[in-house]
Amino acid sequence: MLRKIVSAIVMVVGVLALIQVLPFGHNHTNPPIGKAVSWPDQQSHELAVRACYDCHSNQTEWPWYSNVAPLSWLIQKDVDEGRSKLNFSEMDKPYREANKASDLVRKGDMPQWYYVMLHPSANLSADEKPRLMQALDQVVGKR
């Protein structure tokens with residue numbers, strides 16, 4: 001029995017080591033900033049940077065664990081998807097559902113729970129949430 005457990009552990013460690021060489025999830029680039037959003041005030045800008053910019057801008061801060069597969073795959077997928085839905089660094093592009101951004105914040109769907117778990121500063125207080133929602137409505141909600 002012990003031999004099977006050790007073999008299983010060795011196999012899992014081997015697979016984890018092998019998947020580190022797969023190329024997906026290591027494209028940690030931040031494209032140039034195009035037409036950046038103009039926030040109504042500094043506080044709303046800071047709230048957006050804390051809660052949104054890692055996935056919804058070209059100013060992503062890539063943490064060390066974003067280089068470790070399979071987490072790197074999930075993080076890369078989230079950033080790619082977030083940028084495609086709303087990118088505060090490329091506001092000259094059309095985003096079909098950008099006007100839903102403040103609704104997602106109000107419902108608690110954004111920022112996503114697992115992002116907040118790893119980035120506690122993204123957790124918006126009861127006072128910060130309406131301020132960010134109002135700013136989002138001003139910059140993307142009325143497009």
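The radius of gyration of the protein is 19 Å, whereas a compact globule of 143 residues would have a value near 15 Å. The model is a predicted one. Along the principal axes, the C-alpha trace extends over about 60 × 35 × 25 Å. The accessible surface amounts to about 9,300 Å², and carbon and sulfur atoms contribute 62% of this area. Of the 143 residues, 36% are classed as buried.

The secondary structure consists of seven helices, with zero strands. Read from the N terminus, the order of elements is α-α-α-α-α-α-α. Among contacts with a separation of 6 or more, 77% are made by residues 24 or more positions apart. The loop between helix H1 (2–19) and H2 includes glutamine 20. This residue, glutamine 20, has a relative accessibility of 28% and therefore counts as partly exposed.

Charged side chains were examined next. The protein carries 16 positive and 15 negative side chains. The centres of the two sets are 7 Å apart. Side chains of opposite charge can pair when their charged atoms come close. Eight salt bridges are present in the structure.

One of these salt bridges is formed by the side chains of glutamate 128 and arginine 50, with an N to O distance of 3.0 Å. The pair connects distant parts of the chain, since glutamate 128 belongs to helix H7 (residues 128–141) and arginine 50 to helix H2 (residues 42–51), 78 residues apart. The two partners fall into separate accessibility classes. Glutamate 128 has a relative accessibility of 18%, so this residue counts as buried, the cut-off for that class being under 20%. Arginine 50 has a relative accessibility of 29% and so counts as partly exposed.

Other salt bridges lie within a single helix. In helix H5 (residues 101–107), aspartate 103 and arginine 106 are three residues apart, which corresponds to about one turn of the helix. The closest N and O atoms of this salt bridge, between aspartate 103 and arginine 106, are 2.3 Å apart. Both residues are partly exposed, aspartate 103 at 28% relative accessibility and arginine 106 at 48%.

A network of salt bridges with shared partners joins Lys77, Asp78, Glu81 and Lys85. Within this group, glutamate 81 pairs with lysine 85, and the closest N and O atoms of the two are 3.9 Å apart. Both residues are located in helix H4 (residues 71–85), where glutamate 81 and lysine 85 are four residues apart, about one turn of the helix. The relative accessible area of glutamate 81 is 36%, and the residue is therefore partly exposed.

Note on methods: Residues are numbered from 1 along each chain as its sequence is written. This is a predicted model: local features need pLDDT of at least 70, side-chain atom pairs count only at pLDDT 80 or more; totals for chains, interfaces and linings use all residues. Side-chain values use heavy atoms; hydrogens and water are left out. Helices (H or I, at least four residues) and strands (E, at least two) are DSSP runs, numbered from the N terminus. The radius of gyration is taken over C-alpha atoms; the globule rule is 2.2 Å times the number of residues to the power 0.38. Buried means under 20% relative accessible area, exposed over 50%, partly exposed in between (1.4 Å probe, protein chains only). Contact means heavy atoms within 4.5 Å. Accessible areas come from the Shrake-Rupley method with a 1.4 Å probe; for residues, only the protein chains shown count as cover. Lys and Arg count as positive and Asp and Glu as negative; His and the chain ends are not counted. The place of a charge is taken as NZ of Lys, CZ of Arg, CG of Asp or CD of Glu. A salt bridge is a side-chain nitrogen of Lys or Arg within 4 Å of a carboxyl oxygen of Asp or Glu.
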